[in-house]
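The sequence and the structure are shown first, and the description follows.

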Amino acid sequence: MTAVKDSVHDYISLDPVAAELVDTPAFQRLRHIKQLSTVRLVYPSASHTRFEHSLGVYHLASRALSHLGVDGDRAAHVRAAALLHDIGHGPYGHQTEELIRRRTGRDHDEIHHLLDGTEVGAVLTDHGLDPDRVADMVDGAGGLGQLVSGELDVDRMDYLVRDAHHTGVPYGTIDHGRLVRELRYRDGELVLAEGNVQTAESLLLARALMNATVYRHHVSRIAGAMLERASERLVDDGVPIEAFVRMADHDLLVALGERVPDLGRRIERRDLYKRAVWAPIDAVPTDVVELDYEATRAAERDIADAADVSPESVIVDAPSRPRIKESRSRVVVNGVVRRLEDASELVGALRSAERTQWRLGVYAPEAVRDEVAAAAVDALGLPVRVTTPV
């Protein structure tokens, strides 16, 4: 066993398969993909990477398998999937995921192409593991795949604790030890054992608090929206999408500085656009809340024309409707498997809070913020009061 010192889990022991996988270029690349992308513009110490997070997910998967009594070939495939679950991420992780999905049709957890005929696939095959089976588990397929990608997965358990640790906030601190120990399989589903409604609620609450204070911080949202628009222009300028997908964070930042300098240099220097509009969901027409990609770009052009500014000076950021995936977690109550949303009154309160915190953003350079705000109010049918963010 190879031991690796980790800032969250202390020592992580890697089995021979994991030790070889870690040394592949595809996995080493994760050293250069930050876990929290543009969030680190808000929390300076959030410089941890998907490399260390993947080791943490592997560690928690190993512990969970031990408590579940799963060993041998089945456990080996799950451990490999846990370790490799993030190798499909593009630069800046989730911030470029929508662009990659539009251009390739793939999500980051669809990694068959990264295991087929590659060094990673060869390592798996040499150790008697099936690359296709590992890739399916990364995508959450099968009963054991739920441990890697599901409502009670070890991915979520690690990143909440790790992100809280590195940002310095207390909100993501969950009892992952208890969560791992109390996992059970019932009729092919991963559930929490009897007496663990509060354990499940703690995961739900931690995610909700991290969303509000870390993951959806308005500065990170602005920087992320700017990064996505700049990346689109980079690909449109001739960078092949497959080359873009395999970039590391620093590769993208350099490329943007050279080929999309107006946005690239702003992101590098944290010279970000400002909020011209910051509107709660109840103040936004339904058709605006549900804007798709093409409609969002059209709205940006309309606002830019009305404000007499360049199209690049307007960004409309309409998040998807708030939802709480963890509310579908299953927990045993009085001997019966129930969804957490049916067993906990807390879920309803958190759903209400998520809706209250939702915001439509329209961003622009500070010099033209007022003009863009006025144009956005007319173009999107918004009340005037939303143009002055607190």
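Arginine 270 is placed in the loop that lies between helix H16 (261–269) and E5. In this predicted model, arginine 270 has a positive phi of about 55° although it is not a glycine. With a relative accessible area of 42%, arginine 270 is partly exposed, because values between 20% and 50% fall into that class.

Six bridges connect E5 with strand E9 (residues 359–364), and the two strands pair in the antiparallel sense. Lysine 274 has alanine 364 in E9 as its bridge partner, and arginine 275 is partnered by tyrosine 363 in E9. E5 is mostly covered, with five of its seven residues buried. In a regular strand, side chains alternate between the two faces of the sheet.

## Two hairpins

Strand E3 (residues 183–186) and strand E4 (residues 189–192) run antiparallel and are joined by four bridges. Arginine 186 stands opposite glutamate 189 in E4. The hairpin of E3 and E4 has two residues between the strands, and aspartate 187 in the turn has a positive phi of about 55°.

A further hairpin is formed by E7 and E8, with two residues between the strands. Strand E7 (residues 330–333) pairs with strand E8 (residues 336–339) in the antiparallel sense over four bridges, and arginine 330 faces arginine 339 in E8. Asparagine 334 belongs to the loop between E7 and E8. Its phi is near 55°, a positive value in a residue other than glycine. Asparagine 334 has a relative accessible area of 69% and is therefore exposed, the limit for this class being over 50%.

## Helix H20 and its covered face

Helix H20 (residues 346–357) has 12 residues, which at 1.5 Å a residue should span 16 Å; its end C-alpha atoms are 17 Å apart, which agrees. The buried residues of H20 are Val347, Leu350 and Glu354. Viewed down the axis of H20, these buried residues fall within an arc of 65°, so they line one face of the helix. An α-helix has 3.6 residues a turn, so residues three or four places apart point the same way.

The 19 residues of helix H13 (residues 218–236) should span 27 Å at 1.5 Å a residue, and the end C-alpha atoms of H13 are 27 Å apart, which agrees. H13 is mostly covered, since 16 of its 19 residues are buried.

## The annotated span 50–160

In the UniProt record, an unreviewed entry, the annotation "domain: HD" covers residues 50–160. This span is 64% helix and 0% strand, and its end C-alpha atoms lie 13 Å apart.

Threonine 96 is located in the loop between helix H4 (72–84) and helix H5 (97–104). Is threonine 96 buried or exposed? Threonine 96 has a relative accessible area of 0% and is therefore buried, as the class requires a value under 20%. Apart from neighbours within four places in sequence, threonine 96 is in contact with Gly90, Pro91, Leu227, Ser231, Phe244 and Leu252.

Glutamate 119 lies in helix H7 (residues 119–126). At 47% relative accessibility, glutamate 119 counts as partly exposed. Residues up to four places away in sequence set aside, glutamate 119 touches Thr24 and Pro25. Glutamate 119 and proline 25 are 94 residues apart along the chain, and their C-alpha atoms are separated by 8.3 Å.

Methods. Residues are numbered from 1 along each chain as its sequence is written. This is a predicted model: local features need pLDDT of at least 70, side-chain atom pairs count only at pLDDT 80 or more; totals for chains, interfaces and linings use all residues. Side-chain values use heavy atoms; hydrogens and water are left out. UniProt positions are given in the numbering used here, feature names are shortened, and annotations may be inferred rather than shown by experiment. Two strands pair if DSSP finds at least two bridges between them. The expected span of a helix is 1.5 Å times one less than its number of residues. Buried means under 20% relative accessible area, exposed over 50%, partly exposed in between (1.4 Å probe, protein chains only). The arc is that of the directions from the helix axis to the C-beta atoms. Contact means heavy atoms within 4.5 Å.
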